[in-house]
Amino acid sequence: MIVSQPGRGAGWIEVIVGSMFSGKTEELIKRLKRAKIAKQRVQVFKPRIDNRYSQNQVMSHSKLTTSSVAVDSPQEILEQVADNTR
């Protein structure tokens, strides 16, 4: 995990790691739901090539879902991030 100091004008990146079927996607979806409850604006992006369950959703093996935007490149993420996304 790489973390900068919140409140100093910089963000941070958290990396959720683990083996297959260890709950990584479930953890991501839980964190997103908490952020939404806290009225934070979040956006989810996933590679367009990942269409196992849905083109516009991220889904865990236990069927938890959240909406997402399919992208072809990291540049597309930068182009589509809304100003009010936190």
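**First stop: a bridge to helix 2**

Select Glu 76 and Arg 48: their side chains meet in a salt bridge, 3.8 Å from N to O. (A salt bridge here is a side-chain nitrogen of Lys or Arg within 4 Å of a carboxyl oxygen of Asp or Glu.) Glu 76 sits in helix 2 and Arg 48 in the loop between strand 1 and strand 2 (57–59), so this pair ties together parts that are 28 residues apart in sequence. Helices (H or I, at least four residues) and strands (E, at least two) are DSSP runs, numbered from the N terminus.

Glu 76 counts as buried at 17% relative accessibility, while Arg 48, at 34%, is partly exposed. Those words have cut-offs: buried is under 20% relative accessible area, exposed is over 50%, and partly exposed is in between (1.4 Å probe, protein chains only).

A note before moving on: this is a predicted model, where local features need pLDDT of at least 70 and side-chain atom pairs count only at pLDDT 80 or more, while totals for chains, interfaces and linings use all residues. Residues are numbered from 1 along each chain as its sequence is written, and side-chain values use heavy atoms, with hydrogens and water left out.

While you're at helix 2 (residues 74–80), click Pro 74, which lies in it. Pro 74 is exposed, with a relative accessible area of 62%.

**Zoom out**

Colour by secondary structure and you'll find 2 helices and 4 strands, in the order α-β-β-β-β-α along the sequence. Of the 86 residues, 19% are buried. The protein exposes about 6700 Å², 55% of it supplied by carbon and sulfur atoms; accessible areas come from the Shrake-Rupley method with a 1.4 Å probe, and for residues only the protein chains shown count as cover.

Select Glu 14, Glu 27, Arg 31 and Arg 34 to see a network of them. Within it, the side chains of Glu 27 and Arg 34 meet at 3.8 Å, N to O, and Glu 27 is partly exposed at 26% relative accessibility. Next try Arg 52 and Asp 50, whose salt bridge spans 2.9 Å, N to O. Arg 52 is exposed at 63%, and Asp 50 is partly exposed at 22%.

**Into the core**

In soluble globular proteins, nonpolar side chains tend to be buried together. Here, select Leu 32, Ala 35, Val 42, Val 44 and Val 58, the 5 residues of the largest nonpolar core. (Such a core is a set of buried Ala, Val, Leu, Ile, Met, Phe, Trp, Tyr and Cys residues joined through side-chain atoms within 4.5 Å.) Setting aside neighbours within four places in sequence, Val 42 is in contact (heavy atoms within 4.5 Å) with Leu 32, Ala 35, Lys 36 and Thr 85.

Phe 21 isn't a glycine, but its phi is near 60°. Find Phe 21 in the segment before helix 1; Phe 21 is exposed at 61%. Then go to Lys 39, also not a glycine, with a positive phi of about 65°. Lys 39 lies in the loop between helix 1 and strand 1 (45–47) and is exposed at 75%.
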